[in-house]
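Hi,

Here is the structure I said I'd pass on to you.

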Amino acid sequence: MIGNPEYKSGSWLLTAYRPAGNIRSCRLVLTIGNNLYIMTCVMIALTIKKSRIGPVLGRHPWVFSQALTKIPDGLPPGEPVRLFSETGEFLASGYFNSYSQIAVRVWGYEKDETVDASFFARRVERAYRIRKEYVENPSTNACRLINGENDLLPGLIVDRYADYLVVQFHTGGIESWKNNIINALETILRPKGIYERSDMPVRKQERLDSAQGVLSGSVPDRITIRENGFQFLVDVRHGQKTGFFLDQRDKRRACMKYTNGKNVLNCFSYTGGFTVYALAGGARHVTSVDTSEGALELAKENVTLNGFDPVHCEFLCDDVKHYLRNVEEQFDVAVLDPPAFIKDHRKKKEGIVGYRGINEMAIKALSKNGILVTCSCSSHLTLEEFRYLLSEAGGKAGRSLRFLETYTHGIDHPQLVPFTEGSYLKCFIISL
């Protein structure tokens, strides 16, 4: 940036940023105390190669660097840009992400839309409208409010836990707009507090440090939420992801119908989501297995919080693979909800072996006519690939498998149709 004039008055400072090079662009940044607010900008124009225009026309939210005819020097992460065809036709708007593989992340399709405070307010309002209409009700007050690219705010995750919000900034580009985004969330949702959990491994790829802490108001160590009429304690400070697996809400409810009078095994149980629903469905006994002692303690609390007798439960701190390899007990229902075994496409073969192995062992631990609820949250594994490895697991275990139900993402985790990279969750309910 060069030639940045400043305008001071009392407690505020207005700075006009102009990038180096022959680029007609300007970003106005208002500083009030320690807070920065990006007020407006005239977006930089970038041209998409004719041979690479298809995905943009199909409204895929990522634009790769090789799809651009030229990228000017000196663009900072988050710089708003407009995309045009080689014939000058406007295609989309987004923010410049980096000079690496994904150069631009798309966030709009209106040619003259200005990026200012109202821009983010519109995005938040639109995302919230879907959740308010289809998800939130007196029995459910926790959901995903903003699901990144799929809500036209690429790189941003916002989860709602009762009166509190937990946010994650996955990219440097979206992080540069943090203050504007927090301001929009405060204005529209009026939370009691906003907590940041930007401690994901993906930030290392962006060369970003982890960031965690209260951004607004105050946030307790534990938050009590309601989900389908049940209550859960959520540790947003130390729990996995943002504290709770909101994307399994519909699968947990679906599982209830299979547990009446049954002996249930919940593997990778975390804080007992499936355990509580199994008990609510009438399970005779539920065994929960997880490697985290802290998560199991919270699972016990969640069981009693919902009025169930812990005498019908067993909580084992153990590696699931080790447990399944040595268990002699037969179960009527088994739930497998493991972490992503394939976090890198280069580890795909190894991950498939892992998925196939735990499913084979779980199938062997099930009684005749047993039910397997099996999940994968690996985006590098397609639904069809998951189905194929399950057929192999069934064959090795000497059991015939039949799909009863198939699930992917819940309503509060919407997916843009062309954005296949954003699809990750798969769940099959299988009868043996």
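Predicted model: local features only at pLDDT ≥ 70, side-chain atom pairs only at ≥ 80, totals over all residues.

Let's begin with Arg190: this residue follows helix α4 (residues 178-189) and has a positive phi, near 50 degrees. Helices here are DSSP runs of H or I with at least four residues, strands are runs of E with at least two, and both are numbered from the N terminus.

Residues are numbered from 1 along each chain as its sequence is written, and side-chain values use heavy atoms, with hydrogens and water left out.

Back to α4. Its twelve residues reach 16 Å from first C-alpha to last, close to the 16 Å expected at 1.5 Å a residue (the expected span is 1.5 Å times one less than the number of residues). Among the buried residues of α4 are Ile181, Ile182, Leu185 and Leu189. Buried means under 20% relative accessible area, with a 1.4 Å probe and protein chains only.

Helix α7 (residues 273-280) is largely enclosed by the rest of the structure, because seven of its eight residues are buried. Phe274, Val276 and Tyr277 are among them. Just after α7 comes Gly282, with a positive phi of about 100 degrees.

Now find strand β20 (residues 331-336). Five of its six residues are buried, so β20 is also largely enclosed by the rest of the structure. Which strands pair with it (pairing takes at least two DSSP bridges)? Strand β17 (residues 263-267) runs parallel to β20, joined by four bridges, and Cys267 stands opposite Leu336. Strand β21 (residues 366-376) is parallel to β20 too, with five bridges; there, Val333 has Ile371 as its bridge partner. From β20 the chain crosses through helix α10 (residues 348-364) to β21, a right-handed β-α-β crossover. Right-handed means that, with the strands pointing away from you, the path from the first strand over the helix to the second runs clockwise.

Last stop: the second largest pocket. Helix α2 (residues 117-134) gives the most to its lining, with five residues.

Cheers

Definitions and conventions: Buried < 20%, exposed > 50% of the residue type's maximum accessible area, 1.4 Å probe, protein only. Pairing = 2+ DSSP bridges.
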